[in-house]
Amino acid sequence: MSGPSTIARDRILGKIRSGLARGQDMSQDSARRLTVQRRLGHPPRGIVPERSLLPHVQLVETFAERMIAQRATVERVPALEQVPARIAEFLRGQNLPALLRLGDDALLNALPWSSESTLTLEHGRAQGLDTAGLSHALVGAAETGTLALISGRANPTTINFLPDTHIVLVEAKDIAGPFEEAWVRLRSQFGARQMPRTVNWVSGPSRTADIEQTMVQGAHGPRRLHVVIVG
């Protein structure tokens, strides 16, 4: 059934088609589709800050510096085997219970946790009473000092927000320069159109100054963020 609104819509769409020079010439449509596909497959690179184009060693240092500037604490660990001992030491230093929540991440679960007999691990989604959680960031962006935390059974999103203390492990080799490069690395790991449901970008502990410009930490997430850079 047609009416005034339908006629008006057809006129508007007709003008758009005319402006795009779309008609019966199917070769033009094919050329446009090819142009779009090429752009999506090889998007042009935008302008990025010079601090994102440093040698990798300096990128890791920049990443750590920016994390610290955003009130996170950062620890450098030479090898994965040393991570459990360093985390246990960190919890003791903060006077926190020797309890740690983590997901099914293969790298985290392969760590030698048995070497820390006093440390108790709990797996799965975070619970309201969890005091500390551990996540594995697949990518870090040195441009702003930001961690890319993906959702899923390996690293449940609840661990990013529920525990008061959030510990994140990121390997030095996975720290990129600009945001654009971080996205490229994520897409390359998951494949075309296979990104996780959620990607949370974290730059420091939760904080807000919405109320009377008074800084409050832990308003909508962890009060403390501790980043462990391995390698």
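**Contacts, sheet and pocket**

Tutor: In this predicted model, Asp174 is in contact with Leu138, Val139, Gly140 and Arg185, its neighbours within four places in sequence being left aside.

Student: Is Asp174 buried or exposed?

Tutor: Asp174 is found in the loop between strand E7 (165-171) and E8. A residue counts as buried under 20% relative accessible area. Because the relative accessibility of Asp174 is 13%, the residue counts as buried.

Student: Which strands stand at the edges of the open sheet of four strands?

Tutor: The order of this open sheet is E8-E5-E6-E9, with mixed pairing. Each edge strand has a single partner strand, so one side of it is left without a neighbour in the sheet. The strands at the edges are E8 (175-176) and E9 (199-202).

Student: Which residue in E9 is the bridge partner of Ala148?

Tutor: Strand E6 covers residues 146-150 and pairs with E9 in the antiparallel sense, over four bridges. In E9, the bridge partner of Ala148 is Trp201.

Student: Which element gives the most to the lining of the largest pocket?

Tutor: The largest pocket has a volume of about 360 Å³ and is lined by 15 residues, with Pro43, Glu180, Trp183, Val184 and Arg187 nearest its centre. Helix H2 (26-41) and helix H7 (179-190) are the elements that give two or more residues to this lining. With five residues, the element that gives the most is H7.

Student: How many residues in the lining of the largest pocket are charged?

Tutor: By class, the lining of the largest pocket has seven nonpolar and three polar residues. The number of charged residues in this lining is five.

Definitions and conventions: Residues are numbered from 1 along each chain as its sequence is written. This is a predicted model: local features need pLDDT of at least 70, side-chain atom pairs count only at pLDDT 80 or more; totals for chains, interfaces and linings use all residues. Side-chain values use heavy atoms; hydrogens and water are left out. Two strands pair if DSSP finds at least two bridges between them. On a 1 Å grid over the protein atoms alone, a cavity is a set of points where a 1.4 Å probe fits but cannot get out, and a pocket is an open set with protein on both sides within 12 Å along at least five of seven lines; lining residues have an atom within 4 Å of a point. Grid points are joined across faces, edges and corners, and a volume is the space filled by probe spheres set on the points. Ala, Val, Leu, Ile, Met, Phe, Trp, Tyr, Cys and Pro count as nonpolar, Asp, Glu, Lys and Arg as charged, and the others, Gly among them, as polar. Buried means under 20% relative accessible area, exposed over 50%, partly exposed in between (1.4 Å probe, protein chains only). Contact means heavy atoms within 4.5 Å.
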